[in-house]
Every structure is written in structure tokens, then in C-alpha cells.
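Here's a quick tour of a two-part question: how do the pieces sit, and what touches what? Take a look at the model first.

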Amino acid sequence: MFTATLRGMLAHKVRLALTVASIALGVAFLAGTLVLTDTMRLAFDQLFGKVSAGTDAVVRAEAAYSQSEGISTSRAPIPASVLNQVRQVDGVRTAEGAVSGYALLTDNGGKAVLTSGGAPTLGYSLPADPSLRGDVKLLSGNAPSGAHQVAIDATSAEEHHIALGSTIKVLFRGPTQEFTVVGTVGFGGEKNLGGTTGAYFDSATAQQVLGAPGFFDAINVSADAGVAPAELVQRIDAVLPDGTEAVTGATVVKESTDAVNEDLRFVGILFMIFAGIALFVGSFIIWNTFTMTITQRSREIALLRAIGATRRQVNRSLIVEALLLGVLASSVGIGLGLLVAKGLKVLMDVVGFSLPSTSMQVQPRTIIVSLLVGTLVTVVAALVPAYRATKVLPVEALREAVPGSGNPSRKRIISGAVVTVAGLTGLFTTLYADATMKLFGPSLLAIIVGVLMLLPAAARPLASLIGVPLRLRGLPGELARQNAMRNPRRTSSTAAALMVGLTLVVSMGVFASSLKASFGDVIGDSVNADLFVTPSSTQAPGFSPEVINAVKAVPGVGAVAASGWGEARFNGADSSYAAVDPATAAEGLNLGLSAGSVSALGLNGVVVSQSAATSHGWKMGDVIKGEFAATGAHDLKVVGIYNTKGWIGDDFIISIAAQTAAAGQQLTASGLVKLAPGADQATVQQAITAAMADHPDAKVLDRKGYEKEASGFIDKLLTFVTVMLLLAVLIALLGIVNTLVLSVFERTRELGLLRAVGMTRAQVRAMVRWESVVISLIGALAGAALGIGLGLGLSQALADEGIKAISIPGLQVTLYVVLAAVAGVLAAIGPARSAAKVDVLKAVVAD
Amino acid sequence: MGASSQNAFAGTTPLDRGAETSYKGINHMSATTSTVAPTRASARAEGVSKFYGTGDATIAALKDVYVTLEAGQFTAIMGPSGSGKSTLLHMLAGLDRPSSGEVYLGDIQISSLNDKALTLLRRDQIGFIFQSFNLLPTMSAAENIVLPIRIAGRKPDQAWVTSIVDKLGLADRLTHRPTELSGGQQQRVAAARALASRPQIVFADEPTGALDSASGTELLGFLRKAVKELGQTVVMVTHDPTAASYADRVLFLADGHVVDEMNEPTADAVLDFMKHLGA
């Protein structure tokens, strides 16, 4: 029976190729995701390991709790005096203070050296002792020495033609300064550190420009030969003052790695979702293929049954076929996965999420998981059709096989309706009855599943409706319509794959469109500004606080409301907070305070959102415990309650001064500029631009420009998501090709008859083509309708976050539907050709 | 006799006038057709051979066959299995091409036509009745009957179609799907389709092969009537001497050659001859 199965598969090469492809693409996505995340993880491991190689122990301030923000952990600085104490410890070969911080290089023309995707631009102290430099190596020139020298990473030097000996400006949180470039730095074999830029100073200069004089971020220690790091850490710990700690170099590497892995996990999950969607869509095609081939092979199966094969044997042979198919498809998928990993990397670069890389990592786990998932999906999708095959009666071997109509059962329609209604109820409860958002995801899923179950019942009327214009195309059009209606189950499961893809693409489109439409309202409602000072790159974390001072000095500027943000623990829960300047916040921001005022913030005040106040029962004058990683707990008094979320979406607002005290000086995220009375906006904007010539890390935009930039970012994200989902659409199209191929094969005799009685090849091709268009339009229209509904639901669910406008991108949705129809035409090319080639004689001569 | 029956029938029914209008401007053969009644063209094979396979494995299904099938006649082609009778029918009907030699339908050399022209010829000039699977399962009997006319994008001549349907006793079956019809009814629908577009010639390939004898008799009777009363040219391949006895003339094939022919055949005479052929 096994060889029969194998031969059967090989006999239908096109079918085999198409079904393999439909699963392989999903598996490729899965494998590609695993390869990519493994690769990135290793790249970061190597990166951290390299940088701290040679450092046996690190002395640093104790943190209130470990908080990760990107790849750095914020801690309080330690006094430089600790360094001398550490140096005294027995077993310390050498120890040096380290400082790092924000430093943005500029090229010789004064333009900022920006990183792709907002990778950090950092400055460091370069240890005097090479053994503490880890893999940081001088590639050319000398180590910086003195207040006017800098060494920069080799990539920045090469790509921006910054020659040794030239003078460049470097931007800090504090004033911008000029340095002479004296050296270039590399990292092991790399010319940059994971896409970041680096500026290296001697220790004293670094303290001056990156941190504070008399303080270090940490002290790096190298042990004498024969002293184990753990031993060294114990000895150092014994002499350290309170609030500081010593840990091994390995611990620091592990902490950094863990922090990054947490971030990568999110990227991994994101891609896994898309892989899951692709596999889900692929499973429809497997289901369809097995259903169709079993119908076509019912005589063969009946014959096997007639000569004594048991039901179980028939069932098993089909499952074995699915198993072989799954293994084959998964193997192909794993191979393709390497390409997908590269493609995803490129895509992320294009969209602007640059990540460090190393050689592609194919772990055994990747292969095992991909094989298992791919095979499992295939076998599960084949279970029901295989079970149906066992119902073929031996006597059917003797009958002329007439493909069944495949009408959906009443049971299926009822349960589909129940699931859909349950999903809708859940959705509306979530949206309007203030129930928890926990129901939201399952509700959406239920609606999709319910509609999938109902689609077969809708397929016939839909095909009939969509096919109406086809009547104008004469008999081939009419036959195409009838063929599409003839087996609603097949038509619907083919269209369903496309529907799922389009539902997601369209709902994202509607959501993004509503988001963009709301954006203007959000800004209008929550901001009073005329001009916006923002980081020059949308993904940069912020700009130097110096910029705000420069802007304030420009004539015609009435007020500048600076704001930043950070993360802390409020009342025990991690949350982001906004930091504003109490003196100007009321002018630039429209917070809609229901009580208190922003100007009362001071160093120990907090303004909380109405929703947070309601859910925690906070009122004016209450004290909230705010814990900051760097400095620990602070008591914050509620001095205001605000209603208008929008520009600020956080539940907590503190003053910038309080942030600096609690978390150190941070970058400014934005500055809202209010013009002085009578000042001309364009003139002032020009003047600000001129005043910021020395600050290439920021730019000034008018409101329109700002909205455009923000929606540009939304568009980028939407493009990214759409490209990801296109894979599912592509698989769905393969499914249409597959169904048509099988249908054409099944209808050989009909096609022969039509050709014999005078249908031309062109007419036959048209017939197949129109059928394909009808199927794709069923999927596209159902998907568009469902997508619009879900997109609106999603927007509605986030109305509290400021998505108040509702916008359906009509042109975009129409375009998708038209493209689906065009894709239907393309999918039909091959099947139509083989239909037109049907041998008339083979069809009409009785066998 | 064929010629006389054609003349006797020509222009005698109002339906034939319908035939003229339906041909006008669409039928590229209409120029050669009489304005009074369409000429039922003859079919000819001139030196037709058909080989299958290549090299040593070449099999000759037909060897240098010359035949003329007279217009307005009912011709049966008989022969043992493998004699090439079906192959000959396929060549004459434009379903297959000869390896060498020429096939004519009236004045048109169909063996040199390209696929499109040949397809249009089949659609407009030729009617088919196959042994089985004559009908599209998704269409009703009525839709199947006018299928070639609809493919051509024309309106069927309703009066003509109704008269055929009545002759075949299908009036109360028109809305049924093929699966709801008996084998005999299905073949009668096929016969109605074959005649509905007023073809020059009707080819039937073992039309009674899958029928019980009563249904077979009914169908053959109708074909006979079509020739006698409507002047239709009919060519039928069969292995059944009784079926052959309905024809005006029987051609006998053996080993790819036409070995003999018989006019005004009877079932017994045909059977005797077949025994003689060693079938």
C-alpha cells in the first residue's frame, strides 16, 4: 500500500508541487523567523561578550530593580573615590572608571551621522589599559587623550569620509563640543558595534561630556593571574560603600543579553504570528487537495475496498500520504527558510529596524520545530478528508464517478452562525459595555472562524451574484459561473484562504487609516503648539536638551514646552511616564485638567490620568510611590488629574527636573513651540532652523509637516505588516491554481465534449479564467467586508487612546479587490492552458 | 435513393426556411448552399492513413483509405475491434487528423484547417452523438440541446428545436439534468443536440453501445427518420449488425482497409458478412 501511495503522489507532479509549496511557504516563514531570531541573539551575545572581554569584575551602583530599556540598564553614577578603594584590593591587577552616554557624531559638513533604524549613538571612555578594552581595538591612529581628542567607529569614519586629523562637532546632552579625530575603532572583526555609532574619549573627558566630573557609571576591573572573578568580586564587595556592588563581567554580559532577548522575543512572536497565518492558509489548500483527490480517486478507493482493503487501511494510506507530503514540504520549507531569514532582515532594514548580524544560525531546534509543525499541519488538514474516504463504498467502483455537489450541511451552517453571533456579541460587549479587553482577541477569532464556516453556504449565492456580468461574456462566462457554483464547498475553501489574507490586510488598512485620520484630531485636541521640534530621525530616542535652550532664544518664540519620557514603577507596576517642563507645559499642552495644575509639579509632584485615578481611587493630595531604577523609591504627591490623552498618552506626568533627579539627565523627546503674539510662523520656523544649525539631532516642523511625518511612520509600519501578510495571499493564490488544476483534471471529459461540439480553445481558456476570477472575488469581497468590520472594531476598541475618527481607505480596498481579480486571471493561466489542450478524443471515446 | 429523399424533403417544411436565415452571414459555407434548401454535403476520405507511435512501435490504424459518404444517406461503418472504424470516423468528423491523405466535408478540405477553423466547423457544420458522456452534467436537457448554438453565441431556432424535441419525445424532460434522465433519454438529448444546429452531417460513434435494445431501437429509428424525412446526412460507427441494418449503406473495415460495402443491408446479411470477416 505504501508504494501505491508513493507512486500516486509522483504521478501528479503539478498537484504535488502546488501542495508542497502551499505548506512549504508557511514553514519557510516559521524556519526563517527562528533562524533570524537565533542569529540576532547570537549576534548580540557576541557583541556584549566581545565588548566586555578582559573585564573580570564590574563595580556599579545598586539598582532599585533591574530595568531594561533597549540595551542599557540605567543606574546611578558612583563617586570616583570608589576607584581608589577598589585599586587597593588584593588581586586587582588594574581598575578603571567607565563612563558612557549619548554622543552624536557629525561629519565634516556638520551633518549628523545618523544610524539606520535609530540604533543608539553612544560615547564611551576608552580604557587606558588595552586589556580592559575587550574587543574594542584601535584600527588606525591613536587613543584619544585630553579634552579635544576623539576616536570614532570605523564605519562612521569611512561612510562619512571623516579623516584622521579633521575636526568634527559631537553633540551631547550638554553643550556641543569640537574634537579632533585621532583614531578609528573596530570591534573584533567588525567596524561598528551592531549598527551603533561610537565616540571614544579619555576618562576625564568622558566624565566631562558624557557624565559628571567626579563620577563614573561603573568601574571595570581586571584580576591578577590566578584570581577567579568570583573570588575577586567577593574581595571587592567587602570594601565597597553602601549602595554599590561588585559583579563578575560574565554577569553583566548575561544581564545585557537577557535584556535584549526579551526585546527579540517580541520580534520573534510578531513573525511567528505571520508564520501561523501562512500555515493556517496553507492548511486550507491541503484540505482542499485531499478532498478533491479523494473524490477523483473514489473509484480507485472503492476498488481497493472491493478487493478487501479495510477502512482503516484506506484511511492509513491517506494519512501516510499526508505525512510524506508534510515531511517533504517542511524540508523544502526549511531550505527556503534561510532565504526568508535573509529577506526578513532586508525588510527590517528597509523599514528601519536595523539589527546586528552574524552568520545565519540554523539550530537543530529550528529544524525539529519546523518539521513537526509543517507535518502536523498537513496531517491535521488531511484528517477529515481521509475519514470521508473511508465512507466510499466498494460498490462505487462500478459506478461512473460523478463529483458530488458538496453542499454544506445544515449542522455546519447552524454552528457557523452560532460561532459568528457569539463573536459579534463578545466584540460589542467589549466595545460598548466596558467589559474587559480580554474578550477582544477571542471575539475577533470567533468571527473569522464563524464566517469561514458560513462561507460555503454563501459561496453559491455569491458566485451567482458575482457571475452576473459574466453572462455578457456568452456561454463560456455562463459556464464559468455555473462551475464556480457547482461545488460550493470547494469554491468556498479555495476562496477562504484568500479571504483570511485579505481580511487581515484590509483590517490593518482600515485601522491605520483611522489612526491617521485621528492623528490630526488628537494633535488639535491635546496640543496648542504652532511649531514642533522633533528628533531628526523618527526612530531616534530624542535630542539634546540643549536644543530647547537654543530654540527659546529665537526671536518670535513665545514659549517652548519640552517633554521627555521614561519608565518607572508606580505603585508597584511598571509604567511609562511623561516628563514635562512645569513652567511651559500649560502653554504648549492642552491636558484638560479636571483638578490641580501642572505648574505645581515641582520635584515631588505627579499628574495622573483620569482613568488611572478612577481605577486606583487616587485623588488630589494622595501619595503614590514611584520607584526609579537608578535611585529607588520616591513619594510623589498627586497635584493634578488630566483627561485629554493624546500628545501624552501615559498615566503619569512628572517634571523634567524630577526625572533628572530620579533617573539622571535624559534626552528631550519633543519641544512644542508657541509663537509670540504677532510673530510670523514661517519666519520663526526659518529662524529656528538657523538656530539649530549646530544641532543636527533635531529639526523643526509645522503642524502639517509633523502630521505628515507621523503618518509616514504609520505607513511604513502598515507596509511592513502588509508585506508580511502578502505571503498568506500568495499561498491563497497557489490554492486557486491548485483547485483549478484539479477541477480541470476532474472535468477532462466535459472539456473534451465542449471542444468536440465546437468550443474554441480561446473560449475554454476564458471559461477557466472567469471561474478563477469568480473564486478570487468571492474571497476578496468576503475578506474586504470582514476586514472593514474588524478594522473598525479594532479602531473602536482603541477609541480611548485617541482613535476617534473612523476612516475606510476605499480606494485602497477597491485596489485590493481589483488586484485579487487580476491575480485570479494570473492564477488561471496554467490551468486554462491545460484545459484548452485537453485531447478531444480521450474525452469522447468511452474507456 | 439518397438524392431522391433529399429532393423530396427539400423546402417542404417551414422549418427549413428557418434554416436559411440561421445560416445567413454566419455560415462561411452559405455561399455554396442553395437558397432553397441547404445542400447536405458529402464527406470524403482520400488516401487517408493514420499511424500511432513511432519507429518499430508504429501501428497503422488506417491504411490509404478512399471513401465517399453520400449526402442525404445513412451510412454505417462496421468492422471488428481494431479495424480502424472509429479512427476513420474521427478523421471524417474533424476530431483527429490523418497522418497522410486528405479529408473533405463538401468542398472544404478539413484536414488542412487549423484548430480554430476546425473547431468552428465542428460547431456549425457537424453534429455528434457519442457512445456515452454526451451531456454536460451542470446543464438541463434543453440547455444541452442548444449548447453548440450557444457556444457560437447565436439564438437557437426555437421552432426547429421544438420540432426535433417533439420527434424525440423529450418535451417533458427538458428541464431535467442528465443525472435525472435514463440512458436512452440521455442519448436522445444528444441526438437532439446533434440536429439542433442543422449540421451538414451527423456523426454517431456507437450511439447505442451503452443502451438497452428498446432504447437503441428508438434512437436508430429516429436517426433513420432524420435521414428520410429531414434529408440529414448521418454516419454511424457500430459493431451491432442490427444497428447497421437501419443504414442505407454499410462500409466494412478490416485492418485499416475498406474491404467491402453493402447497400440496403439487413441484419442477417451484415451478420453473415461479419462472420465471413472473422470478427
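## Domains of chain A

The centres of domain 2 of chain A and domain 3 of chain A, taken over C-alpha atoms, are 49 Å apart. Where they touch, domain 2 of chain A puts in six residues and domain 3 of chain A seven (contact means C-beta atoms, placed from the backbone, within 7 Å). On the domain 2 side, that's two nonpolar, two polar and two charged residues (Ala, Val, Leu, Ile, Met, Phe, Trp, Tyr, Cys and Pro are nonpolar, Asp, Glu, Lys and Arg charged, the others, Gly among them, polar). The bounds come from an automatic or database domain assignment: domain 2 covers 457–526 + 706–847, and domain 3 covers 545–694.

A word on ground rules: this is a predicted model, where local features need pLDDT of at least 70, side-chain atom pairs count only at pLDDT 80 or more, and totals for chains, interfaces and linings use all residues. Residues are numbered from 1 along each chain as its sequence is written, while chains are lettered from A and ligands numbered from 1 in the order in which they are written.

## The sheet in chain B

Chain B has an open, antiparallel four-stranded sheet in the order β2-β1-β4-β5 (strands, E, have at least two residues and helices, H or I, at least four, as DSSP runs numbered from the N terminus; pairing takes at least two DSSP bridges). β1 (43–52) and β4 (100–105) of chain B share five bridges, and B:Glu46 has B:Glu102 as its bridge partner in β4(B).

## Where the chains meet

Chain B brings 26 residues to the contact and chain A 20. The top contributor on the chain B side is α4(B), with seven residues.

Technical notes:
Contact = placed C-beta atoms within 7 Å.
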